[in-house]
Amino acid sequence: MITSDMAGSDKKTIFVTGGAGFIGSALVRQLVLETSATVVNIDKLTYAGNLASLVSVAESERYHFEQCDICDREAISRVFRDYRPDAIVHLAAESHVDRSIDGPGSFIHTNIHGTYVLLEQALTYWKTLDDAKKAAFRFHHVSTDEVYGSLGDIGAFTETTSYEPNSPYSASKAASDHLVRAWHQTYGLPVLLSNCSNNYGPYQHPEKLIPTIISNAINGQPIPIYGKGDNVRDWLFVDDHAHALRSILAKGKVGEKYNVGGHNEFSNMQVVGLVCDLLDELLPQSEYNPHASLIEFVTDRPGHDKRYAIDAGKIKAELNWSPSETFESGLRATVQWYLENPEWHASWSKKGFDSQRLGLRQ
Ligand SMILES: NC(=O)c1ccc[n+]([C@@H]2O[C@H](COP(=O)([O-])OP(=O)(O)OC[C@H]3O[C@@H](n4cnc5c(N)ncnc54)[C@H](O)[C@@H]3O)[C@@H](O)[C@H]2O)c1
């Protein structure tokens, strides 16, 4: 359990970019509901942003929403002037690997150029602060374990693993990580970096694996598995990730990076099996029982990384963070949440989302 003191966010003004997305909205909800921080959510509201994730905090006087593109220098400069933040947690990004295969341009633009614009504006603003505020300021860049590339059957990524990104998405995130590091080394901006494994939980966009499995299974649609389903990922419950971000922001050492993971390695086939078992149990009357009968193998993603695993020893040893949820407990909570919130999927259909297969362009 993290107290508001530990969060290091009391009475501070914190920018969260991408706060209408999956992880950003979990962080915004925690900061508004569990601390006394003022939160400014900076989000362009792309196809992936959804203000329905923020209904529980929307009325708070400590929550502000700015619909801005992080690539828009003027707009970002204005929000720094208007709110004068103590910290920025940067999550805004194009985040879906399959989309990056079909159209890398927006990934390069937002993830690399957008991060550059934020760094530039943060630095300009930071230089205006007095010494105490300068020392306390943080630019926390949120990144992915995918920058490290693919593992064989053994081993785990540490903070010193070399970068070998394989998809346009992971390459764009790797580039942004390097920019953030450079702004610290060159200009002294007080940065923090974290690289996290696959997140799951409530409020995730329906194009991602676990919401797709749940939605298709309850509607009797085929559940697509890429290739043989033997790609392995480490899974972390989204609220555990948000807690980790708060710990890093409060106690992380300036200029350092932290790997964040759930110690939950599962193949895609295992994940689908576990979700189907939960649905069989929670929907005993469903005409689609057993839900695993809906599984359908489809063409694999080009360049599909085989295995990711995170060594989260540093954040445990230095910041005393470890996940609260097991995959069993987190997945059960997630499936239950989707069953209890059917309007979640409906809110995306209203925004024009259609679940066509992406990421096959070679
Ligand atoms: N989802 C994961 O499993 C995972 C794991 C590790 C790291 N990450 C990283 O965490 C961050 C958040 O991931 P997510 O899954 O919540 O993503 P998401 O796609 O759910 O949300 C991204 C948010 O960023 C906003 N956005 C996109 N482009 C923007 C722009 N140009 N200006 C302003 N806002 C913009 C979108 O509107 C959306 O609200 C990303 O940086 C991602 O690389 C994600």
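Predicted model: local features only at pLDDT ≥ 70, side-chain atom pairs only at ≥ 80, totals over all residues.
I call two residues in contact if their C-beta atoms, placed from the backbone, lie within 7 Å.

Residues are numbered from 1 along each chain as its sequence is written.

**Overall**

I found 12 helices and 12 strands (DSSP runs numbered from the N terminus: helices are H or I with at least four residues, strands are E with at least two). The radius of gyration is 20 Å, close to the 21 Å from the globule rule for 362 residues, so the protein is as compact as a globular protein of that length. That radius is taken over C-alpha atoms, and the rule is 2.2 Å times the number of residues to the power 0.38. Buried residues are 47% of the 362; buried means 20 or more other C-beta atoms within 10 Å of a residue's own, with C-beta atoms placed from the backbone.

**Ligand shell**

Which residues come nearest to the ligand? Of the 31 around it, they are Gly18, Gly21, Lys44, Gly49 and Ala93 (near: the C-beta atom, placed from the backbone, lies within 6 Å). Helix 1 (22–34), helix 4 (105–126), strand 5 (138–144) and strand 7 (198–200) each give two or more residues to this shell.

**Ala93**

I looked up alanine 93 next, in the loop between strand 4 (87–90) and helix 3 (97–102). It counts as buried, with 27 C-beta neighbours inside 10 Å. Leaving aside neighbours within four places in sequence, alanine 93 is in contact with Gly18, Thr110 and Asn111.

Thr110 and Asn111 are among the buried residues of helix 4. I noted a bend of about 25° at glycine 114 in helix 4 (the angle between axes fitted to the seven residues ending there and the seven starting there). Gly114 is also one of the buried residues.

Is helix 1 largely enclosed or open? Of its 13 residues, 11 are buried, so helix 1 is largely enclosed by the rest of the structure. Its buried residues pack against strand 1 (13–17), strand 2 (38–42), strand 3 (63–66), strand 4, strand 7 and helix 8 (238–251).

How values were computed. Buried ≥ 20, exposed ≤ 12 C-beta atoms within 10 Å, placed from the backbone.
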